[in-house]
Amino acid sequence: MQLLFIDRSRALRGAFSTVLCVTSLWAAFAGAGCNKSSASTSSDPAASKTDKAAPASTERSTEATSTDVMTPPGVEKSTLKAADYPTAKVMTTGLKVDDDSVTVGILHSTTGTMAISETGSVQAEKLAIAQINALGGILGRQIKVIQEDGASDWPTFAEKARKLLVNDKVAAVMGCWTSASRKAVLPVFEKENGLLYYPTFYEGLEQSKNVFYTGQEATQQILASLDWVHKEKGAKSFYLIGSDYIWPRTSMKIARKHIENVLHGTVVGEEFAPLGNTQFGSIINKIKLKKPDVIFAAVVGGSNVAWFKQLNAAGVTSANQTLLTISVTEDEVLGIGGENLTGFFSSMKYFQSLDNANNKAFVEAFKKMWGPKSVIGDVTQAAYLGPWIWRAAVEKAGSFDVDKVVAASPDIEIKIAPEGYVKVHANHHLWSKARIGKAKADGQFEVVHESDLIEPNPFPKGYQ
Amino acid sequence: MSLNEVGSMIAMQGFSGLSLFTVLLLMALGLAIIFGQMGVINMAHGEFMAIGAYVVYLFSQLTQNYAPGLREVYFVPAVVAAFFVAGAVGYVVEMLLIRRLYKRPLDTLLATWGLSLAMQQFFRSFINPKEVSAELPEWLLGAFNPTPSIQVPRNGIFVMGLTILVSAGVYLLMLKSRWGIRIRATTQNRVMSSAVGINTDRVDRFTFALGCGIAGLAGAAFTTIGSTGPTSGSLYIVDTFLVVVFGGAANLIGTIASAFSIAQAQSLLEFFLTSAMAKVLTLMTIIVILMIRPQGLFTNKLRT
């Protein structure tokens, strides 16, 4: 009996090990292919620790908070009266609009892996909605919020999107974070003719009538920063490194074309590390061997921390190497540690340290609502724009109907944007500036360069 | 490129291979005891590493808030504490869960997998859903320069030293001490061991706790390399099992040889190819070798 047991357990080990190898092999291949798992998971961060956003709750009205919320300076209280816009006229498609309220949905992950990243977006959207309500609402109507939890699971996102559009009849949805979740809800929004405001910077190559993209698409983030580093630092040779999934791969493809065809520089190496990789020793040695003028990086999540710690440990610092990253916002710095980043450059459209009146008011209002320790990254700011763009479009259209809102959206300007000024393009992306921030030891960035307004171009010719 | 530079590059690349080897070995040592000696498939092994890492983080937070002057020295007691905390949790887990399942090895797999999910959620809910990093003392940061062109990361040297210490300890304990004999006797023939007066329950419990404690040590050491999050453990678990299984589950020398060959293959291939291809080639080779030798590289000769 005892012998039998030993044999069995040995056989078991054999079988187990084979399964193990095959699984991990599959994981390695999946990475090399098109792992869409979390496009622009640029973070395992976002969101402040003082998260008051109720988890997974539905039917939460933000009216209660609207009385003591700080509103952006220079925005007059809306004088539009609901009586001048009778419900029968402003809504003809069965949306949830009545004489004194309109309902919108918020669809982010408040549980699971992505919760940490998406919480900041939820907070920013709630702040914007509370401010709009305090300023008299939209067409004289207060905004009510139904929040749903995508639970970091893409099919759940699709199901909740359907629930929001079909059962709740919301007039618009602010939501999604990863490209994977956006791709999952896209068919639902197109079929039910809903309206989605999507905040994350992403890889581009998408445009839908039913979606507005309030973050940067790839060319806006990449081209201007490469031009800058080429001109400012005289960079000729580049080493590209990213995590292995769709966003870094698409971004690096665009970067390579731009470096080779426009800047006439050389790409001396291109490397994609599996998601979650924590060993960068050999890659760092390769980089030392190639001595690139610039390391151009899009490493995400936990790998990001290991990557910067090991760079530092291997003696690669801003004193002897220029590094430009497109995946580090203030949120990421918390995990990486400011001392490992000091002097490196990050390309984003927004930094918390931006010195303008809009941003000061935004940061103050955000901290008042969500706690003084809040850190605001690029995506959080982009999420804040969603409700404002929707409000402007609805008031311009004089209607909540999706078709009319969409038709009224191009050329809408948001002058109170914390990033300065944005304008909606006919392709549903935003005109925005690209900025280069230099990391400081305290976790904030010093803005060293600001581009002109860049036209969004989700399908760049010559870059595919 | 000058000859000198080639020399430095070979030295640094050699070190990064050795560094990966010690990381893999440190991860695998705890499991070599639990899985290799006791035959328990512990899917929660990665989470025990995370416990160790969180203990260091906790110490770092406490030092920062209450005794900033101790920043240079807190790390050593933190690592020791990581060993004992993870070991204590392992002790309790064995008592409540594992010992009921020694006769049902497949069920342990499910039970410990459930345990790992529960522990991950615990970290997420009660510690921090974000990735955290411990504030490291100055002497662990940066690089050590034997010559101007060679940079050897200090954290790598630290992990290496710790691994040598732990391996030596485990070796002595398992193969040279009376306790090691009792452990091996219990695994080989529980009934007979019990009959000759070995308290097998006690042996099991301490062995499991020891394995978990070593996992905690490994986790503590890894705070010098990367960050710690609720799911960090699951990143390590596959590599850990791979090393133990490939080496021949019940053999300590096998574990060392297997960690060494996997690390060198991985790091060399990564230098000459891309990292995804390096992983693919390494795993393919392992599969082929395991098909030929399902028992792994080394086996203990058993008279059956």
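Which residues make up domain 1 and domain 2 in the domain assignment of chain A?

1. The assignment, which is automatic or taken from a database, gives chain A a domain 1 of residues 63-216 + 354-430 and a domain 2 of residues 219-348 + 440-450. This is a predicted model, in which local features need pLDDT of at least 70 and side-chain atom pairs count only at pLDDT 80 or more, while totals for chains, interfaces and linings use all residues. Residues are numbered from 1 along each chain as its sequence is written, and chains are lettered from A and ligands numbered from 1 in the order in which they are written.

2. Taken over C-alpha atoms, the centres of domain 1 and domain 2 of chain A are 31 Å apart. Contact between them (C-beta atoms, placed from the backbone, within 7 Å) involves 13 residues of domain 1 and 13 residues of domain 2. The side of domain 1 that touches domain 2 has 6 nonpolar, 5 polar and 2 charged residues. Here Ala, Val, Leu, Ile, Met, Phe, Trp, Tyr, Cys and Pro count as nonpolar, Asp, Glu, Lys and Arg as charged, and the others, Gly among them, as polar.

3. Chain A has 13 helices and 15 strands; these are DSSP runs numbered from the N terminus, with H or I and at least four residues for helices, and E and at least two for strands. Of the 464 residues in chain A, 58% are buried, meaning that 20 or more other C-beta atoms, placed from the backbone, lie within 10 Å of the residue's own.

4. In chain A, helix 6 (residues 218-233) and helix 7 (residues 246-262) have axes that come within 10 Å and cross at roughly 40 degrees. Axes are lines fitted to C-alpha atoms over the stretch in contact, and angles run from 0 to 180 degrees between N-to-C directions. Helix 6 and helix 7 of chain A are therefore oblique to each other; angles under 35 degrees count as roughly parallel, over 145 as roughly antiparallel, 65 to 115 as roughly perpendicular and the rest as oblique.

5. In chain B, helix 1 (residues 3-37) and helix 9 (residues 232-247) pack at about 65 degrees, with axes 8 Å apart. Helix 1 and helix 9 of chain B are therefore roughly perpendicular to each other. Residues in this contact include B:Leu24 and B:Phe35 of helix 1 and B:Tyr236 and B:Val244 of helix 9. By class, the contact of helix 1 with helix 9 in chain B has 10 nonpolar, 2 polar and 1 charged residues.

Methods:
Contact = placed C-beta atoms within 7 Å. Buried ≥ 20, exposed ≤ 12 C-beta atoms within 10 Å, placed from the backbone.
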